[in-house]
Amino acid sequence: MIYKFLLISDEVDQFAREISINSEATFLDLHNAILDSVNFTKDQITSFFICDDDWEKKTEITLMEMDTSYEDDSWVMEDTKLSELLEDERQRLLFVFDNMTERAFFMELREIIPGKNLEKPVCTKSIGNPPQQIMTFDEFDKNNSVSDLGENFYGDETFDPSELDEEGYNDLDMSNGNPYDDNNSQF
């Protein structure tokens, strides 16, 4: 089978890569194909994370063996075939390429093509320039700081508390204190 992955970045608009790879290839093969497609060096520690639909990290696949507790499964890119952990279209992954600042590409397994194979991975679409590979903490902070904290930052400046409709709050009895307090036996 062939897996087609789409990669995007939250740092750079108009950036995308599509990588086609054999399902029996390893995560290391995918790692190398991604780095080649964006002209990144291969001297950094990277990780893949298999994510749920809300991009929450679930399973980590590391570039090298890490010391983990025996209770955790340890997945290493070189030893793990894509088909071992990926079997559904629309599966989401993160490829963390800068561990110091947790910068990553967002990935999705866009298509599974059964009955076909590839000898080596191929970048089938390349749009735009990738973000820079490594960023210092100072650069990262500068690029991610909120610089425009105008007077509307905390809410609408025209808000008038007297306009608040109190009708929905009549059933909330506050006479016994805070209804969310653990010492309050109201609930």
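**Close-up 1. Surroundings of Ser20 in the predicted model.** Beyond residues up to four places away in sequence, Ser20 touches Ile2, Tyr3, Lys4, Leu118, Pro121, Val122 and Thr124. This structure is a predicted model. Ser20 is part of strand 2. Its relative accessibility is 5%, and Ser20 therefore counts as buried, the cut-off for that class being under 20%.

**Close-up 2. Hairpin of strand 1 and strand 2.** Strand 1 spans residues 2–9 and strand 2 spans residues 16–22; the two run antiparallel and are joined by 7 bridges. Within this pairing, Tyr3 is found opposite Ile21 of strand 2. The two strands form a hairpin, with 6 residues lying between them. In the turn, Gln14 adopts a positive phi of about 60°.

**Close-up 3. Pairing of strand 1 with strand 7.** Strand 1 is also joined to strand 7, which comprises residues 103–113, by 8 bridges. These two strands run antiparallel. Here Lys4 faces Glu111, a residue of strand 7, as its opposite.

Close-up 4. Helix 1 covers residues 27–38 and includes His31. With a relative accessibility of 3%, His31 counts as buried, because a residue under 20% is assigned to that class. When neighbours within four places in sequence are set aside, the contacts of His31 are Thr46, Phe48, Leu63, Met77 and Phe95. His31 and Phe97 are 66 residues apart along the chain, and their C-alpha atoms are separated by 9.5 Å.

Notes:
Residues are numbered from 1 along each chain as its sequence is written. This is a predicted model: local features need pLDDT of at least 70, side-chain atom pairs count only at pLDDT 80 or more; totals for chains, interfaces and linings use all residues. Side-chain values use heavy atoms; hydrogens and water are left out. Two strands pair if DSSP finds at least two bridges between them. Helices (H or I, at least four residues) and strands (E, at least two) are DSSP runs, numbered from the N terminus. Buried means under 20% relative accessible area, exposed over 50%, partly exposed in between (1.4 Å probe, protein chains only). Contact means heavy atoms within 4.5 Å.
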